[in-house]
Amino acid sequence: MKKVVVDELCRSVCPLGDCQVRLHHSQLLLHLISDHLVETPGESFGLRMRRVQSGERTLLPLAPQQLIVGQDQCLCVLNWAGNGSSDLAGPQCRLPISHRSLRGHLPVLVMVRKITTWPSATIEDNRMGYLCVFWLAAPATKRPLTATLGFVNRELHCSLRVRRQLRDFDSPMHMNKFLLGADRSYLALSERQLQQMCCQNDDGCFLEVVIQGESVN
């Protein structure tokens, strides 16, 4: 019984939407492939998945008007090949044969949440429409990892590029921290900011993601 309790405490809740499945960090990719990769008509879209190297650029279509308010959504899973540090994180286990080559990769989820309400004490102007909060979630690593987030318009002009740290996928989101800029894992942008940068006339834009690897102090 004690072993069962300890095993349960080592599990974390899936970071996607309303999914409440509890899993080990080494089983995240297996769960995503088994339960979220294929589209469920009328319920959910299938996940995008891509294999990437350090410094490799990924452009993801972004249409804020189509995001579901209040739900954590995954724009893509980037299976990062690492930068030669085999001790950075444990392998992804029990993968199907078709995805077994990803065993040594780190699944990085490009996450976004659209919110329309927040504590009035954190922002003076609470009439800015909505906020889009972006972050990268992954299984726990022994050392911090960083990535660059950028926003590119339809003419492929980049309006913003910032560096952020990857988060453990089981870490809870603290509203006040990302609104006040205390948590460097998040990037929060208002409706007006997104429109000014690259989403005018509802054309949408691209979210640029580049995984850099281990932090350099």
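Thr148 lies in strand β8 (residues 145-152), strands being DSSP runs of E of at least two residues, and helices runs of H or I of at least four, numbered from the N terminus. This is a predicted model, in which local features need pLDDT of at least 70, side-chain atom pairs count only at pLDDT 80 or more, and totals for chains, interfaces and linings use all residues. Residues are numbered from 1 along each chain as its sequence is written, and side-chain values use heavy atoms, without hydrogens and water.

Thr148 is buried, with a relative accessible area of 8%; buried means under 20% (1.4 Å probe, protein chains only). Beyond four places in sequence, Thr148 is in contact (heavy atoms within 4.5 Å) with Arg161, Val162, Arg163, Glu208, Val209, Val210 and Gln212. The side chains of Thr148 and Gln212 are joined by a polar contact of 3.0 Å, that is, a pair of N or O atoms within 3.5 Å, one able to donate a hydrogen and the other to accept it, where residues adjacent in sequence count only if both atoms are side-chain atoms.

**Nonpolar cores**

The largest nonpolar core has 32 residues, and Val108, Phe134 and Phe151 have the most contacts inside it. Such a core is a set of buried Ala, Val, Leu, Ile, Met, Phe, Trp, Tyr and Cys residues joined through side-chain atoms within 4.5 Å. The elements that each supply at least two residues of this core include β8, α4 (191-197) and β12 (205-214).

Note on methods:
Buried means under 20% relative accessible area, exposed over 50%, partly exposed in between (1.4 Å probe, protein chains only).
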